[in-house]
Amino acid sequence: MKDEKVVMVNGGINKMFNRKNNSNPGERVVFQTRPRFLANLKSTILKLIIILLMLYFFRSIMAVAISLQEYLVQMVELPLIQVTFYILIIIMVFLVVSIILDVVSWKQKKYQLTNQRVIIKKGLIRRKKSYIHYNKIQDIDVYQGIVDRIFSAGNIEIYGGHDQTNILMEDVPNPREVEDIIDRVMVGEEVDFKPPRSKTSQKSIIEEYDQKFKR
């Protein structure tokens with residue numbers, strides 16, 4: 001059904017979602033998370049490794065270009081050194097920009113479980129929100145590959161009662177626990193979301209002595 005997937009472009013509706021996290025009366029968030037950083041950015045890690053390798057072998061690559069330049073200059077006039085240098089710089093800049101976009105895109109992803117539905121919110125330029133109500137859920141599958149198990153992450157696919165109503169939560173931290181929360185909410189159990197406690201700032205020695213003298 002069309003009402004199971006909603007796509008929203010930046011605007012007034014999206015601002016309302018950001019302000020209250022939901023737009024249904026009586027709806028409240030019981031759990032929220034985002035994809036596991038390392039599991040979701042596997043391609044980003046590969047890009048970073050490529051950049052490091054290029055920096056490490058930069059001098060060697062340029063030395064090869066110089067040697068080829070001396071060999072080719074007798075046959076054709078080709079600025080091989082300059083071309084090689086600019087190609088390496090362009091590739092590294094492209095990879096750095098791509099890494100930044102990957103990280104920003106990851107920060108824009110959010111998974112929310114409310115007392116009424118499962119919501120997926122993502123998108124960097126074009127914001128998208130997909131959701132499915134609990135009474136429409138027919139089945140839930142959890143997938144974990146070898147790498148996912150290392151990072152304690154996995155994919156949760158939720159099936160609706162009709163075609164094109166499935167939603168996929170990718171690289172969810174501790175997917176079995178999230179699945180358990182969904183099951184508990186579906187049967188009407190009360191689940192309270194407890195955000196991580198902020199670490200209490202430790203008092204300095206001067207403050208402790210000051211309190212003792214005040215006593």
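1. Lys136 is found in the loop between β5 (128–133) and β6; strands here are DSSP runs of E with at least two residues, and helices are runs of H or I with at least four, numbered from the N terminus. Lys136 counts as partly exposed because its relative accessibility is 32%, where buried means under 20% relative accessible area, exposed over 50%, and partly exposed in between (1.4 Å probe, protein chains only). Its C-alpha atom is separated by 8.8 Å from that of His162, 26 residues apart along the chain.

2. This is a predicted model in which local features need pLDDT of at least 70 and side-chain atom pairs count only at pLDDT 80 or more, while totals for chains, interfaces and linings use all residues. Residues are numbered from 1 along each chain as its sequence is written, and side-chain values use heavy atoms, leaving out hydrogens and water.

3. Five bridges join β7 (residues 153–159) to β8, and Glu157 has Leu168 in β8 as its bridge partner.

4. The charged end of Arg34 sits over the ring of Trp106, 5.3 Å from its centre. Such a placement requires NZ of Lys or CZ of Arg within 6 Å of the ring centre and within 35 degrees of the ring normal. Arg117 likewise lies over the face of Tyr131, at 4.5 Å from the ring centre. Trp106 is buried, with a relative accessible area of 14%.

Conventions
Pairing = 2+ DSSP bridges.
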